[in-house]
Amino acid sequence: MMSNDGYRHDLERGLTQRRRVLGDEWVDRALTNANDFNVEFQDFITRFAWNEIWSRPGLNERTRRIIVLSITIALGRWEEFEIHVRAALQSQALTIDELKEVLMQSAVYAGVPAANTAFTHALKILRELDGAAAELEAADLFGVSHPGAGHLGHTADRPSLHYAVREPRAPSSATRTIVLSHALGCDLSMWDELATALSATHRVITYDHRGHGNSETPAGAYTLEQLAEDAARLVAAVAREPVVWIGLSMGGMVGQELALRHPAQVRALVIANSSGGYEPEAKPMWQQRIDAVKSGGMHAIVEAVMARYFSDAFRAARAGTVARFRRRVLTTDADGYIGCCHAVMNVDTLPRLSQIKMPTVVIAGELDQGAPVAMSEAMAARINGAQLVVIPNASHISVIEQPARFRAAVEKFVSTT
């Protein structure tokens with residue numbers, strides 16, 4: 001025989017969820033204020049909103065909080081907005097930075113006036129909450145930089161190098177300064193996704209090599225030693241402490257030479273999709289590339305470069321990404337490209353790599369034809385204690401073709417430095 005024990009599961013589950021999201025103080029006040037006029041409404045929203053909707057497992061609680069904030073901003077439901085902002089901050093379900101990002105996003109989809117009002121309400125709550133106001137510091141409008149691109153600058157010496165600095169969003173005792181050094185024919189934007197990810201906890205510097213991007217293009221052929229001295233000046237002027245150097249292709253060559261010439265500037269080294277030297281039969285290929293650019297401009301080599309950058313499968317599946325890199329190659333200064341080709345063609349660090357003493361990881365792409373796995377194996381074998389990581393299904397620009405695997409390898413290594 002079935003019995004009704006009087007326990008209202010839907011109401012109790014709803015109250016539990018309501019307390020978890022809004023906090024005991026708010027819920028207790030709402031229950032205390034219940035009367036014979038509004039008690040049925042309190043019963044309804046507790047069972048329906050808080051049990052039937054908030055308790056559904058399809059979205060996590062943090063996502064639901066963000067959705068509620070977005071909708072209340074769009075509809076101008078400011079009392080409800082304040083309730084949920086206060087609860088999210090008090091429970092630490094959202095950080096101040098995450099709240100700010102919700103408000104910034106709302107400016108696009110709900111309108112600037114709505115976002116402006118939301119900032120006003122949120123600031124009022126931040127000033128009311130103990131501790132939250134202490135995190136708000138005076139800021140200079142002219143010093144604002146996009147957190148996904150960093151603060152841009154140029155070095156004062158010549159050639160002047162264009163760089164970006166992303167400050168750590170949550171610095172700690174484990175924070176490192178990381179320099180990301182790009183491949184031939186690319187620029188600092190090659191690193192955008194990884195740089196933004198790493199800057200969650202680290203200070204990240206990206207830059208354009210001489211002859212690339214917005215850096216100066218000196219006349220003539222360049223040497224790897226010159227590129228390494230450029231890097232040394234950048235580290236001294238911008239990093240101002242030993243760095244974790246992460247270089248891909250040409251950037252990895254520069255990292256090797258920097259570590260050899262200025263070991264005090266490099267606390268740890270990542271050499272990705274790179275080489276310590278080419279066999280004599282490979283050098284004519286580089287000269288052919290130089291001659292092709294001299295006679296036909298960057299259009300003469302761009303398709304061959306894309307074929308080396310990315311695997312056939314990636315080029316077929318990610319045409320938009322490939323098109324972006326194609327545009328970057330085509331707009332690279334031809335003289336700067338040729339100058340760096342000379343430096344790459346004459347790389348000769350392999351015989352000296354045993355002198356590198358700092359922690360090192362060498363990353364190779366399984367499908368890389370420009371810097372085959374054997375090249376990475378040769379470098380790793382000559383550096384005492386170096387680790388070798390081979391990324392599956394990655395060609396030359398492995399950080400773009402397999403970003404999650406590249407990031408995982410880098411973060412694991414950086415955490416040990």
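This is a predicted model: local features need pLDDT of at least 70, side-chain atom pairs count only at pLDDT 80 or more; totals for chains, interfaces and linings use all residues.

## Residue classes

In what follows, Ala, Val, Leu, Ile, Met, Phe, Trp, Tyr, Cys and Pro count as nonpolar, while Asp, Glu, Lys and Arg count as charged, and the others, Gly among them, count as polar.

On that basis, the lining of the second largest pocket divides into 13 nonpolar, 4 polar and 4 charged residues, and the lining of the largest pocket into 20 nonpolar, 11 polar and 9 charged residues.

## The largest pocket

The largest pocket of the model has a volume of about 1,600 Å³. Its lining is made up of 40 residues, of which I96, D97, K100, E101 and P147 are the closest to the centre of the pocket.

Several secondary-structure elements contribute to this lining, with at least two residues each coming from the helices α5 (78–90), α6 (96–109) and α7 (112–128) and from the strand β2 (162–166). The largest share belongs to α6, which supplies 7 residues of the lining.

## The second largest pocket

The second largest pocket has a volume of about 620 Å³, and among the 21 residues that line this pocket, I45, W50, E80, I83 and H84 lie nearest its centre.

Here the helices α1 (9–22), α2 (24–32), α3 (39–53), α4 (61–75) and α5 each provide at least two lining residues, and the largest share, 7 residues, comes from α3.

## An element found in both linings

Helix α5 supplies at least two residues to the lining of the largest pocket, and α5 likewise supplies at least two to that of the second largest pocket.

Methods. Residues are numbered from 1 along each chain as its sequence is written. Side-chain values use heavy atoms; hydrogens and water are left out. On a 1 Å grid over the protein atoms alone, a cavity is a set of points where a 1.4 Å probe fits but cannot get out, and a pocket is an open set with protein on both sides within 12 Å along at least five of seven lines; lining residues have an atom within 4 Å of a point. Grid points are joined across faces, edges and corners, and a volume is the space filled by probe spheres set on the points. Helices (H or I, at least four residues) and strands (E, at least two) are DSSP runs, numbered from the N terminus.
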